[in-house]
Structure formats: structure tokens, C-alpha cells
Amino acid sequence: MHKPLHIIILAAGAGTRMKSRVPKVLQTVGGQAMIIHVLDTALQLRPAEIHVVFNPQVPEVQEACSAIDITWAAQAEQLGTGHAVLQAMPGIPEGADVLVLYGDIPLLEADVLRQLIELPSAGLKVLTMEIDEPTGYGRIVRDADDNVTGIVEERDATTEQKAIKEVNSGIIMASRSVLMSCLDNLASDNSQNEYYLTDVFFIAYEKGIQTRAVVAPVATDLEGANDRIQLAELERRYRMKKSTQLMQAGVQLADPQRIDIRGKVEAGSDVFIDVNVVLEGDISLGDGVKIGPGCVLKNVQLAAGTRVHAYSVLEGMRSLGVCDIGPFARVRPGTELMEGSKVGNFVEVKNTSLGKNSKASHLSYLGDSSIGDRVNIGAGTITCNYDGVNKHRTVIEDDVFIGSDTQLVAPVTVGAGADIGAGSTVTKDAPAGQLTISRAKQVSIRSWKRPVKK
Ligand code: UD1
Ligand code: MG
């Protein structure tokens with residue numbers, strides 16, 4: 001029978017090497033704090049409890065994780081990773097298994113952790129990786145029988161040890177009792193005067209406790225980000241991972257190196273995404289959706305066949321049928337575009353529903369509006385939804401024709417089948433089926449003389 005699994009995530013480090021006011025574990029990869037990535041992975045293991053070690057002087061970490069059920073363990077002074085783990089131990093019951101993760105390993109996946117969990121051993125276990133450039137990592141030293149005799153930190157390593165390419169991912173596992181018995185003997189007699197968690201391996205080996213290591217199949221998934229250079233490298237890798245997943249799901253990417261995915265993307269078949277597209281939040285793309293170059297989409301649902309043309313910015317909107325958006329369109333939250341509708345160039349739409357086959361092809365602002373079916377919105381139309389204090393709605397019923405350069409001063413309703421003459425400022429409801437026009441009558445002055453220069 002499995003013992004209850006308690007996961008400790010270390011997140012109290014200052015992250016000095018980032019040279020940032022933002023705590024290290026809140027630095028983002030793919031638009032999400034590194035610690036949230038780690039928590040997401042930890043949750044997949046269905047642990048009995050997740051304990052996060054944090055620095056009480058940095059409450060932002062707790063705020064950023066408030067949506068997740070966490071037992072917090074404060075580490076008031078950053079005396080090292082071993083000291084950090086000790087802060088969480090009082091919250092862990094006897095008889096539990098303990099898995100230690102670091103908050104700065106965002107690409108970590110649950111499968112590799114399962115390999116560590118399932119490795120049979122009554123002692124200490126560590127997840128390691130083999131890398132060509134081991135600088136900065138603790139080196140794994142093994143005996144002739146492959147037991148881990150110790151983990152040597154870079155700063156404390158001999159030249160020979162520095163050449164070892166198997167390194168510590170930081171992820172270790174043991175029963176609570178084994179871990180505690182080793183932590184009790186920790187000392188800080190090293191180059192940084194810190195209590196290194198890694199020393200539990202020396203201690204265990206000396207005590208005759210079994211010390212085993214699993215080499216991760218994909219080393220790069222376990223890399224931590226200590227500085228901006230590593231962070232950018234993880235970002236690049238995260239992007240490649242996400243774009244590979246999309247291509248595996250059947251999406252055609254013009255260039256997998258030139259797409260940024262910072263959220264969850266669901267896509268149907270034969271979706272095409274051109275270069276330099278940014279996808280954020282929750283994105284759903286129906287079959288055959290086409291996204292032009294340079295588009296930014298955040299929390300967007302596009303029905304099958306929708307085409308988003310170049311350089312459009314879409315947020316919090318959805319299309320419910322085939323429709324055209326852009327180029328250079330800005331579609332803001334609360335917008336719904338029905339089958340056959342069109343939001344053309346330099347058109348901004350906010351909190352508006354645009355009915356079937358309705359078109360706003362050029363240079364318009366449509367805000368807080370309900371627009372029926374088969375409506376034509378002329379170039380330069382503006383819904384004046386804001387009186388300086390409150391927002392008001394504009395209702396445009398089916399089959400309306402709005403002439404170019406019209407201002408609709410909300411609250412206002414244009415009845416079904418009405419025409420609005422170009423250049424009108426509509427301040428009162430326009431009756432159905434009639435022409436409403438509010439511009440001044442056109443006059444021509446026959447005797448007009450252009451002024452001449454004196
Ligand atoms: C650590 C390991 C190293 C390993 C590497 C993998 C030790 C001594 N070294 O080095 O063997 O190869 O990770 O990425 O463990 N933290 C605290 N409190 C502290 C110190 C750190 O909570 O007092 C947290 C940090 O927030 C971070 C994690 O522990 O999430 C690791 O600390 P970090 O300073 O990044 O250790 P590394 O130098 O990377
Ligand atoms: Mg680190």
C-alpha cells in the first residue's frame with residue numbers, strides 16, 4: 001500500500017541572480033509564474049498535501065498561489081535548501097512519503113516524477129539529469145554499485161568532480177522518517193555557510209541508508225532558472241514544447257519558432273497559424289480557423305472556418321460561425337460575432353454582438369451594442385456609448401443600413417430596415433423602415449470667391 005504523499009516545494013530563495021524585484025519563483029515562463037507551473041505538475045500526482053516554503057517578507061508568493069490549496073511553511077531566514085525543507089517538516093505526519101520539488105523548475109512534468117516515486121527503495125532517492133554543460137548544478141557522485149555517495153555543489157567541487165555530467169535536479173524523495181533522520185545531522189560547513197539539502201545524501205550513505213538515483217529521460221525538463229539567461233532558454237524551450245504539441249494535434253504552423261503560446265490552446269483540424277502570433281489564456285480554435293501574421297489572441301473562442309487577418313488583436317471574444325476579422329481589427333471583451341459577419345480594418349468592437357452577415361468593414365468603433373442580422377455599418381461609424389459618466393447601449397435591429405461617418409449617441413435604437421444618412425448624428429431613436437438623416441442641408445454659394453493672398 002502506498003503511503004500518503006506530501007510534496008514540499010521550495011520557494012523562499014531570494015533569487016539574487018535574477019537581479020529583479022520580483023521574487024524568482026514568480027518570474028514567468030509562458031506567461032505564468034514558475035511556481036504555478038510546478039504546482040500544476042504537483043497536483044497531477046494527487047498528493048495528500050502540498051507544502052510550500054516561502055519567505056514571510058515576500059507575501060507576493062502567497063498571493064500568486066491563492067487559488068491552490070497549500071500548507072504554507074515560513075522560512076524567515078534563507079539558510080539554504082536543507083533548512084528550507086526543515087521548516088515544512090512539522091506539518092508532515094509520521095508515516096508519510098515526502099517529495100521535494102523546487103519552485104524554479106517550470107518545465108517539470110508529472111511522468112518523470114512518477115518514475116522517481118515508483119523506484120523501489122527504502123532510502124533516499126534523487127532525480128538526476130545528464131547534461132553537457134553542468135555548471136551551476138550539484139554533481140552526483142556514485143560508488144561502484146551505483147549508490148549515490150553524495151552530491152557536491154559546484155562551489156565545493158574538486159576539478160575532477162566538476163567534470164561529472166550527472167547532476168542533481170533538486171528533486172528528492174524519501175519517507176518522512178528517513179529524511180528527518182538525515183536532516184537532523186545537517187551542518188553548514190560549506191563555502192556558502194548554508195544548510196544544503198543535498199548533504200542528506202552524504203549523511204544517508206554514511207549511515208548505511210540506501211541512496212538511489214533515477215536519470216531523467218529528458219534532462220532539459222528539469223533545468224532550473226537562476227538567471228535571466230536560463231529563464232529565456234526555458235521560455236524558448238517551453239515555446240517549442242507547446243508548438244510541437246499543437247503540430248502533433250494537427251495544427252499547421254508557418255514557423256514553429258515564431259509563435260508564442262502562453263496558455264492552453266485547443267484546436268480542431270486544419271487550423272493554420274501564420275508567423276509571430278501570440279496566444280494567451282484559454283484559446284479554442286475550430287476546424288479550419290486561419291490566423292494571419294502578427295495577431296495577438298487572449299481568451300478567445302473561434303468557430304470553425306473563422307479567418308483572422310494580419311495584425312489583429314482579439315481578447316475575451318468569440319465567433320459563433322465562419323466570419324472575417326481584420327486586418328488590423330481590435331476585438332475586445334464581451335464581443336460575439338455571428339456567422340458571416342465581418343469586422344474589417346481599423347474597426348474596434350467591444351461588448352457587442354454583431355449579427356449574421358452584418359458587416360463593419362472600415363474604421364469604426366462599436367461599443368456596448370446589439371447589432372442584428374444583415375446590418376451594414378458604414379465606414380467611420382461610431383457608437384457614442386459613454387456620456388462621460390455612464391455607459392449606454394446602442395441597439396441596431398435587422399437589415400439596417402448605417403451611412404458612413406454616423407455617430408449613434410447611446411442610449412439609442414435604430415429600428416429594423418431603417419437607413420441612416422451618411423454623416424448623421426443620431427440622438428433619438430430612428431424608426432424602422434424610414435430614412436433618418438441629421439446632417440445640415442447642403443448649400444452652394446454661386447458668388448463665392450476664394451480669398452487671394454495680400
Ligand atoms: C540547487 C541544488 C543543486 C541542484 C540545483 C538544481 C542545493 C544546495 N543545491 O542549487 O544541487 O543541482 O538546485 O536546480 O540544494 N530555497 C529556499 N530557501 C533557501 C534556499 C533556496 O526556499 O534558503 C529555494 C529557492 O527558492 C529555489 C530552490 O530552493 O526554489 C533552489 O534554490 P537555488 O538557490 O535555486 O539552488 P541552486 O543554486 O539552483
Ligand atoms: Mg536553482
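This is a predicted model: local features need pLDDT of at least 70, side-chain atom pairs count only at pLDDT 80 or more; totals for chains, interfaces and linings use all residues.

Me: What makes the pair of ligand 1 and Asn168 a polar contact?

Reply: A polar contact is a pair of N or O atoms within 3.5 Å. The Asn168 pair is at 2.6 Å, so it qualifies. Asn226 uses a polar side-chain atom, at 3.1 Å.

Me: Which residues come nearest to ligand 1?

Reply: Gly13, Gln75, Thr81, Glu153 and Asn168, out of 23 around ligand 1. Two elements, α3 (81-88) and β10 (166-175), each supply at least two residues of that shell. The space ligand 1 takes is the largest pocket.

Me: How do you know that Asp104 and Asn226 coordinate the magnesium ion (ligand 2)?

Reply: Donors are N, O and S atoms within 2.8 Å of the metal. Asp104 (OD) and Asn226 (OD1) sit at 2.3 to 2.4 Å, so both count as donors. The two are 122 residues apart. Asp104 is in the loop between β6 (97-102) and α4 (110-118), Asn226 in the loop between β11 (211-215) and α8 (228-248).

Me: Why is Asp104 called buried?

Reply: Buried means under 20% relative accessible area. Asp104 has 9%, so it is buried.

Me: Why does Asn226 count as buried?

Reply: Its relative accessibility is 18%. The cut-off is under 20%, so Asn226 counts as buried.

Methods
Residues are numbered from 1 along each chain as its sequence is written. Chains are lettered from A and ligands numbered from 1 in the order in which they are written. Side-chain values use heavy atoms; hydrogens and water are left out. Donors are N, O and S atoms within 2.8 Å of the metal (3.2 Å for Na, K and Ca); water is not among the atoms, so sites may look incomplete. Helices (H or I, at least four residues) and strands (E, at least two) are DSSP runs, numbered from the N terminus. Buried means under 20% relative accessible area, exposed over 50%, partly exposed in between (1.4 Å probe, protein chains only). A residue is near a molecule or strand if one of its heavy atoms lies within 4 Å of it. A polar contact is a pair of N or O atoms within 3.5 Å; within protein, one must be able to donate a hydrogen and the other to accept it, and residues adjacent in sequence count only if both atoms are side-chain atoms. On a 1 Å grid over the protein atoms alone, a cavity is a set of points where a 1.4 Å probe fits but cannot get out, and a pocket is an open set with protein on both sides within 12 Å along at least five of seven lines; lining residues have an atom within 4 Å of a point. A molecule sits in a cavity or pocket if more than half of its atoms lie within 2 Å of its grid points.
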